[in-house]
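Take a look at the model below. Then try each question before you read its answer.

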Amino acid sequence: MCYAIPGKIISISKDGKTATIQYFGELRNAHIIGAAVSIGDYVYAQGGIVVGKISETEALPILKLWKTKFLELKKVDEELASIPENISSLLQKAEAGDEEPLTKEEMRDVLNIKDETELNSLYQTANHIRKKRLDNACCVHGIIEFSNYCMQNCLYCGIRCDNKKITRYRMSEEEILQAVDYAVDRLGFKALVLQSGEDSYYTDEMLISIVKKIREKHGILIFMSIGERSKECYIKLYGAGAYGVLIRFETSNSKLYARLRPGKKLDDRLELIRWLKSNGFVVATGFLIGLPGQTKEDIVNDVLLTKSIVPDMYSFGPFIPHQETPLFAAPSSQIAEVLKVIALSRFVDQESKILVTTALETFSHDAKKAGLLAGANSLMINLTPEKYRKHYDLYPGKTGLETENWKPNKEIQETIKLLESLGRAPTDLGV
Ligand code: 5AD
Ligand code: SF4
């Protein structure tokens, strides 16, 4: 199984920092950080970074397999992503893109669409833009949730420190390395997120040791999703080979932020996120949709704030109330609200990577597909070892918990099938 297609380096910039990689005749650029590569090498790129090199003997059969398949998939995608007929002037303007960007009022109008036919046109238009601007690549990342201890007390979150009812766990270094080996060697992942609550049990040194050990063995892109740590810690993690960070700002409304995240300030969070971006990290960020007290204007601002960060990936999802939190009685957001935000983000940031988050999948079995057909182009698969995953209880209804014998392989097979049916290639071709 393969979650990235190898490409051949055909040139390297004079400063040695950028490789131009050829994939079936198409050229993409990717940054070279610490990898010893030369022209003619076959490499994997993830998130716009060269993460690993493979021999020609290994690469050629993979490319042969993909060549025909790639063209077949593109045809399917083209058919599904045609522009709908008779679209409204609002959607026509959205489709046109940056020359005359949507105003905030128009963005709000998009979020206010209710009519079923109009909603379908909205999603289709966004999907059309995705196809036109980025073609059919869809990256599939894995996530390993290695600790559910958290010292923060966010009002919306099931693993907040005040929730005494959950069983807490921490994976040892050895367990984390084993889970990574399994994800990479057995399942073929090329990009993994290591996520935990804010858990100071793991010292900077422990995290760095884990990252170093992973990178000694595997050419993959590692995203850390560990909340607010010192900049020194992040610099050391980057040095050890973790070039990605997944960190949401949660909401662009500073008052709402302060209310929902006791003791925390939105400005501090944003300062860190922007600092990470300007220091070369691959940044995935975003917000929650449907928080109590959040308005449509807030969501418009959430999308615009995400865009202003110039993220490598949009990661936003629905708020789902958790029984053991102060927000237990708040209404849950609806799938259409999230799909509208996916489409809107595609309109305002047409070349972005937009993730279908695991929380969206709690709505229905079809939510992944609906997200991909509303403009999204990335997926995340939960690879947390079975004995722990039920305890990573951020919100109720997480997928993959319903069966006793959940196997990531099954979810992966289903995802591959879904991607094929939509004409998407499970890959990340760099930028
Ligand atoms: N519903 C949906 N997402 C949640 N998160 C935390 N609690 C919830 C909830 N009740 C998300 C936050 C955080 C990520 C790790 O999980 O956005 O950034
Ligand atoms: Fe901790 Fe993150 Fe949950 Fe807040 S949202 S309580 S920081 S895990």
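This is a predicted model: local features need pLDDT of at least 70, side-chain atom pairs count only at pLDDT 80 or more; totals for chains, interfaces and linings use all residues.

Residues are numbered from 1 along each chain as its sequence is written, chains are lettered from A and ligands numbered from 1 in the order in which they are written, and side-chain values use heavy atoms, with hydrogens and water left out.

Q: How many cavities of 30 Å³ or more does the structure hold?
A: Rolling a probe the size of a water molecule over the atoms shows where empty space is left. On a 1 Å grid over the protein atoms alone, a cavity is a set of points where a 1.4 Å probe fits but cannot get out. Points are joined across faces, edges and corners, and a volume is the space filled by probe spheres set on them. The count of such cavities is six.

Q: What is the volume of the largest cavity?
A: Its lining takes in 38 residues, each with an atom within 4 Å of a grid point. Gln195, Arg248, Glu250, Tyr392 and Leu394 lie nearest the centre. The volume is about 780 Å³.

Q: Which cavity is the space taken by ligand 1?
A: A molecule sits in a cavity if more than half of its atoms lie within 2 Å of the grid points. For ligand 1, the space taken is the largest cavity.

Q: Which residue has a side-chain N or O atom 2.5 Å from an oxygen atom of ligand 1?
A: A polar contact here is a pair of N or O atoms within 3.5 Å. A backbone N or O atom of Tyr156 is 2.7 Å from a nitrogen atom of ligand 1. The side chain of Arg248 has an N or O atom 2.8 Å from an oxygen atom of the ligand. At 2.5 Å, the residue is Glu250.

Q: How many residues of the shell around ligand 2 are nonpolar?
A: The shell (residues with a heavy atom within 4 Å) includes Cys150, Tyr156 and Arg261. Ala, Val, Leu, Ile, Met, Phe, Trp, Tyr, Cys and Pro count as nonpolar, Asp, Glu, Lys and Arg as charged, and the others, Gly among them, as polar. Two residues are polar and two charged. The nonpolar number is five.

Note on methods:
A polar contact is a pair of N or O atoms within 3.5 Å; within protein, one must be able to donate a hydrogen and the other to accept it, and residues adjacent in sequence count only if both atoms are side-chain atoms. On a 1 Å grid over the protein atoms alone, a cavity is a set of points where a 1.4 Å probe fits but cannot get out, and a pocket is an open set with protein on both sides within 12 Å along at least five of seven lines; lining residues have an atom within 4 Å of a point.
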